[in-house]
Amino acid sequence: MDHSLKEILWRQFGGSIDMLKNAIEFCPESLWDTEQQFGYNAFHCAFFLDYYLTLDPRGFTPPAPFSLSEFEDRMPERVYTKKEVLTYLEFCREKCRNLIATMTDEIYRSNWENESGTMRYNVVEILLYNMRHVQHHAAQLNLLLRQNIDNAPKWVREAKKQTLLISIMNILLVYSHPSKKSYTFQVLEHLKSKISKQNWNLEISDLYDMNFQSDMSKEEYEREGFAKTELPISNDVLDEHDKIEKADCIIFLYPVWWSDCPAKLKGWFDRVYSVGYAYGQNDTSQKMKIIPFGLVICTAGHPNEFLSEINMAQSMETIMLEDRLGKRFENKEMLILGGTLELEKVMEYHMKQIEEVVQKIKDYFG
Ligand SMILES: Cc1cc2nc3c(=O)[nH]c(=O)nc-3n(C[C@H](O)[C@H](O)[C@H](O)COP(=O)(O)O)c2cc1C
């Protein structure tokens with residue numbers, strides 16, 4: 001199946017699912033379980049979304065705690081909570097994205113048929129049927145919201161760009177240098193130009209440009225130092241968490257300052273690697289995803305040979321790769337672009353190394 005057609009399908013189907021999710025999130029607890037059955041309708045829609053996304057629907061079972069009550073024309077054993085339904089919807093969203101992303105020509109031409117044989121559709125048609133069903137209930141729930149609280153979420157035009165199909169890789173580049181006159185900035189530009197030739201999404205956290213706060217506040221320390229995961233996390237940190245969750249590969253780029261990264265980037269680790277997220281997880285905390293590929297690139301004044309001789313290269317690698325990236329990354333490597341005190345001797349080789357590393361990422365993700 002043509003890739004751009006897959007993208008089109010996902011953008012619109014994902015957009016419908018997002019509208020349903022927004023309506024559910026918007027629903028006040030007082031409206032969830034009334035005779036207007038907001039909560040039940042939300043569950044009903046997620047259940048059939050899951051069912052119609054099952055290529056072989058015979059023997060379909062929903063994930064726990066849900067049952068097959070919907071097929072038996074009866075209400076569920078109990079009212080499912082908003083959190084349960086939202087978790088189910090997230091599961092269905094991923095299922096939908098995967099189904100579209102991995103749809104081969106064979107699947108695309110095959111049929112979807114229910115057990116009793118009363119419904120028989122081509123696989124793409126059942127996807128459209130399903131999308132109409134989701135949109136129907138999203139509209140119904142929005143109407144209930146308008147009638148009860150005189151407010152409802154906005155229209156969603158398409159699924160978020162960063163959540164497109166799996167074949168499009170998302171790269172997060174965490175960049176830390178204050179000056180555009182620097183050599184590190186030239187490296188950034190070269191890296192960006194190489195990445196732009198790939199069909200990848202690139203998100204850049206330019207820490208100086210964003211004026212990223214690198215100092216941990218007293219309130220934040222209260223949360224971190226005493227592992228009080230119930231305390232709130234700052235919005236700028238949550239934004240970085242969002243970027244991390246979308247990334248398939250994270251690249252860190254910075255100059256070596258006093259044998260380490262600039263304080264700005266160190267502060268990014270201090271704050272963004274919050275307790276309950278990057279370490280010290282518990283049942284209620286949202287755990288950081290495992291990033292498939294991590295790459296650390298730093299420029300250094302001293303030549304690589306000298307940095308190795310004095311054991312500084314090894315020490316920087318240990319801190320960055322073993323501690324800061326650690327088990328949070330499946331694969332990781334570090335590229336020290338040393339010898340910048342005599343740029344003319346090393347620049348060409350550095351740029352070649354950048355190209356090689358982009359090729360490596362490409363090979364890794366196939
Ligand atoms: C504050 C400061 C500390 C530095 N410390 C080191 C160091 O410990 N080891 C090293 O090899 N180079 C060190 N350098 C050199 C930088 O790594 C070098 O300037 C950088 O690789 C490329 O410079 P640019 O991107 O700022 O133009 C330091 C530079 C500055 C400004």
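## Helix H8

In helix H8 (residues 218–225), Glu220, Arg223 and Glu224 are the buried residues. Because these residues cover an arc of only 95° around the axis, they lie on the same side of H8. The arc is that of the directions from the helix axis to the C-beta atoms. Buried means under 20% relative accessible area, exposed over 50% and partly exposed in between, with a 1.4 Å probe and protein chains only. Helices (H or I, at least four residues) and strands (E, at least two) are DSSP runs, numbered from the N terminus.

Lys218 and Glu219 are exposed residues on the face of H8 turned away from its buried side. The cover over the buried residues of H8 includes H9 and H10, where contact means heavy atoms within 4.5 Å. Alanine 227, which follows H8, has a positive phi near 50°.

## Basis of the model

This is a predicted model, in which local features need pLDDT of at least 70 and side-chain atom pairs count only at pLDDT 80 or more, while totals for chains, interfaces and linings use all residues. Residues are numbered from 1 along each chain as its sequence is written, and side-chain values use heavy atoms, with hydrogens and water left out.

## Overall description

The chain contains 13 helices and seven strands. Its C-alpha trace spans about 75 × 50 × 35 Å along the principal axes. Of the 366 residues in the chain, 48% are buried. Among contacts between residues at least 6 apart in sequence, 76% join residues at least 24 apart.

## The parallel sheet

Five strands form an open sheet in the order S4-S3-S5-S6-S7, with parallel pairing. Strand S4 (200–206) and strand S7 (329–337) are the edge strands, each pairing on one side only. From one strand to the next, the twist averages 15°. Two strands pair if DSSP finds at least two bridges between them. Strand S3 (residues 169–175) and strand S5 (residues 249–255) run parallel and are joined by five bridges; leucine 173 stands opposite isoleucine 251 in S5.

Helix H7 (residues 183–196) packs on the sheet and touches S3, S4, S5, strand S6 (291–299) and S7. The direction of H7 makes about 155° with that of S5. H10 also packs on the sheet, touching S3 and S5, and its direction makes about 145° with that of S5. S5 and S6 pair in the parallel sense over seven bridges, and phenylalanine 293 in S6 is the bridge partner of cysteine 249. S6 is mostly covered, with nine of its nine residues buried.

## Helix pairs

The axes of helix H9 (residues 235–246) and helix H10 (residues 263–272) come within 10 Å and cross at roughly 90°; H9 and H10 are therefore roughly perpendicular to each other. Axes are lines fitted to C-alpha atoms, for helices over the stretch in contact, and angles run from 0 to 180 degrees between N-to-C directions. Angles under 35 degrees count as roughly parallel, over 145 as roughly antiparallel, 65 to 115 as roughly perpendicular and the rest as oblique. In H9, Asp236, Val237, Glu240, His241 and Ile244 meet Trp268, Arg271 and Val272 of H10. By class, this contact of H9 with H10 has four nonpolar, one polar and three charged residues. Ala, Val, Leu, Ile, Met, Phe, Trp, Tyr, Cys and Pro count as nonpolar, Asp, Glu, Lys and Arg as charged, and the others, Gly among them, as polar.

The axes of helix H3 (residues 38–52) and helix H6 (residues 123–149) come within 10 Å and cross at roughly 170°, which makes H3 roughly antiparallel to H6. The H3 residues in this contact include Phe38, Phe48 and Tyr52, and those of H6 include Ile126, His137 and Leu145. The contact of H3 with H6 has 12 nonpolar, six polar and no charged residues.

## Leucine 89

Leucine 89 is situated in helix H4 (residues 82–101) and is buried, with a relative accessible area of 2%. Not counting residues up to four places away in sequence, leucine 89 touches Ile17, Leu20, Lys21, Ile24, Ala46 and Leu49. Alanine 46 is 43 residues from leucine 89 in sequence, and the two are 5.7 Å apart in space, C-alpha to C-alpha.

## Backbone exceptions

Most residues other than glycine have a negative phi, and most peptide bonds are trans. Asparagine 211, in the loop between S4 and H8, has a positive phi of about 55° and counts as exposed at 62% relative accessibility. Serine 259, in the loop between S5 and H10, has a positive phi of about 60° and counts as partly exposed at 33% relative accessibility.

A cis peptide bond joins alanine 64 and proline 65, with omega about 10°. Proline 65 is found in the loop between H3 and H4.
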